Each structure stands twice: as C-alpha cells, then as structure tokens.
Amino acid sequence: MPFKSFIDYLLLEKHYSALTVKAYQTDLNEFLEFIQINYQMQDLKEVHYGQIRAWIVTLVEKGLSNRSVNRKISSLNSYYKFLLKTETIQVNPLVKHKALKTKKKIRVPFSETEIVQVLEDFNFEDDFEGIRDKLIIELFYSTGIRRIELVQLKMNSIDFNNKTLKVLGKRNKERILPLLGSVLKTLHQYLEVRNTLDIVVDNEILFLTKKGAKIYETLVYRIINDYFSKASSKVKKSPHILRHSFATHLLNQGADLNAVKELLGHTSLAATQVYTHNSIAELKKVHVNTHPRSKK
C-alpha cells in the first residue's frame, strides 16, 4: 500500500480516525497520480515546489474552492513533515508555501429561544427514539461535545454519583464534563427504554439505533437537522451548530473563556476565541441599552 508507514503513523501514533486517515490517503494518491502523468515520476520524495504549485493551479482550474485546495496541500505537508521526522528527506518542499486565502466561515448559533422551543415546546414521542433524540439534543447543548464524541460514549462514561460524563476527545484526550439535573433525568428515562430493546448488539455503547446497533454520525446529524428545522430558519442546522451555541451562550452569560476552552476540549485558547464574536455583539447590545450616556 502506498504511504503505508505514514498511514500507520497517523493511525497508531497520532490516533487519527479512520475517516481522517482515508482523506489523507486520497489526497496523497491524487498528487502521486498527478506527478506520474505530468512528470513521469514515481516518488514524492523527489518532488520540488514548482511541481506542487502546478498541482495547485490544476486543482483551482478544476473549480475546487481555496478551502478544499488548502486541505489537500495540508495533507501533503503532513506527509513531508513525517518524511523530515524520519530523516527520509532533508528539506520540506512546502516549507515556504502560503495557504490560499479563504473566506471565514460564518457559523450562526441557534438562539436561546430556538433551543427552548425544541427542548420545551416540542412533544418528543414517549418511546425509545423520542427519549433518545431528546437526550442527544440536551447533551449537545449542555456539554458542547462533538458529534464523534457522542457516538463513542459508553455506558460507563456516565458517573451518576458525581453527576459527570467522561468524554474521549481528539488525540484520545480525556475530559470530565458536568451533567445538569435535567439531563440526568432524561438519561435515566433513556436507560429505562434502552433496556426494553429486543436486541442490543453492543452492550457497552450508550446510544443505539432502534435495532440495538451503535448509533452512527449521519443519523445523529439527521436527528438534529430534523428537530431544528421545525424551530429555526438558519441554513445550517447541525450538531456542530449546537456545540457553537453552547459556547456562545456560556460566553454571553459571562463564562470565563478558559473554562469554556476546557469544556470544549480545545488545546489552545485561539480555537475557542472564534466563539467570542457573538458574545462581543451581545456585550455591545447590553452596553448600549444600559449605559447612562447611551441615550445622550
């Protein structure tokens, strides 16, 4: 298999998901095919930046967005960094490369009203799927966990005595999150109906389909999109927007940025700061409405 040592490194040392590793391999195979056809080369170790630049031009001409091109080049750069680390090459041909400019993604969080409408005004069915779906929404909004983290939750992830949830995040980094009383209540209800399933394929997994199999990411996305389509006109309605809403609403209420960083499982404060633009907008509104001289 091409790039086997690099793929093993991503899986075994970096602990990347199989899906992420597959994307890396696809990008590398595409570039390998490009240099084979255009330069009759078989080895990426012999490539120079001019050839990579030619590939970038080809990708842009094909209509790929700058963001997609940057992702492919990032895969290539990771491979060359690995070759440097293993002393297979002496110079990374991408060392002076500058990423293409991209427009910043604007992620609009759900309003607190929209969240309340879904969780309190809608009637969830009083069966396995209805209770499960409500718990999934409550967990996303009250803990800010990622979709993959929710899918991977196990029965022993919950500590009812301490009212906490153990989450395994990126790079297998573990964090402990507090659980609200309302979430614990729904959790108990879910476990009761979970026990009524005729078949359970994996007893260790917390969230299951109605057939007793481990829940999957596309189903989780569909659950969030379906429920919030009834309450929100926003274009994007996904688990990540719920995570975004969790962080934004905490900051709007005055939560410390470092505390939010820990709850989200971010490794750097910079990753958390993308959520502050909404809280700044909220602060401006409060400032204008409450400052004594705002009406002058």
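User: Which charged end sits over the ring of Tyr 227?
Analyst: That of Lys 230, at 5.0 Å from the ring centre. Keep in mind that this is a predicted model.

User: Ok, ring pairs next. How many aromatic pairs are there in the whole structure?
Analyst: The search finds 14. Take Tyr 16 and Tyr 24: their ring centres are 5.8 Å apart and the planes meet at 40 degrees, so this pair counts as tilted.

User: Are those two buried or exposed?
Analyst: Both Tyr 16 and Tyr 24 are buried.

User: And which residues do ring pairs link into a cluster?
Analyst: The cluster consists of Phe 3, Phe 6, Tyr 9, Tyr 16, Tyr 24, Tyr 79, Tyr 80 and Phe 82.

User: What about Phe 31 and Trp 55, how far is it centre to centre?
Analyst: 4.9 Å, with 50 degrees between the planes, which is a tilted pair. Phe 31 belongs to helix α2 (residues 18–39) and Trp 55 to helix α3 (residues 49–61), so the pair links distant parts of the chain, 24 residues apart. Phe 31 and Trp 55 are both buried.

User: Why is Ser 75 called buried?
Analyst: Because its relative accessible area is 3%, and the cut-off for buried is under 20%.

User: What is Ser 75 in contact with, leaving aside neighbours within four places in sequence?
Analyst: Tyr 24, Asp 27 and Leu 28. Tyr 24 is also part of the ring cluster.

Definitions and conventions
Residues numbered from 1 in each chain as written. Predicted model: local features only at pLDDT ≥ 70, side-chain atom pairs only at ≥ 80, totals over all residues. Heavy atoms only, no water. Phe/Tyr/Trp six-rings, centres within 6.5 Å; stacked < 30°, edge-to-face > 60°. Buried < 20%, exposed > 50% of the residue type's maximum accessible area, 1.4 Å probe, protein only. Helix = DSSP H or I, 4+ residues; strand = E, 2+ residues; numbered from the N terminus. Lys NZ or Arg CZ within 6 Å of the ring centre and 35° of its normal. Contact = heavy atoms within 4.5 Å.
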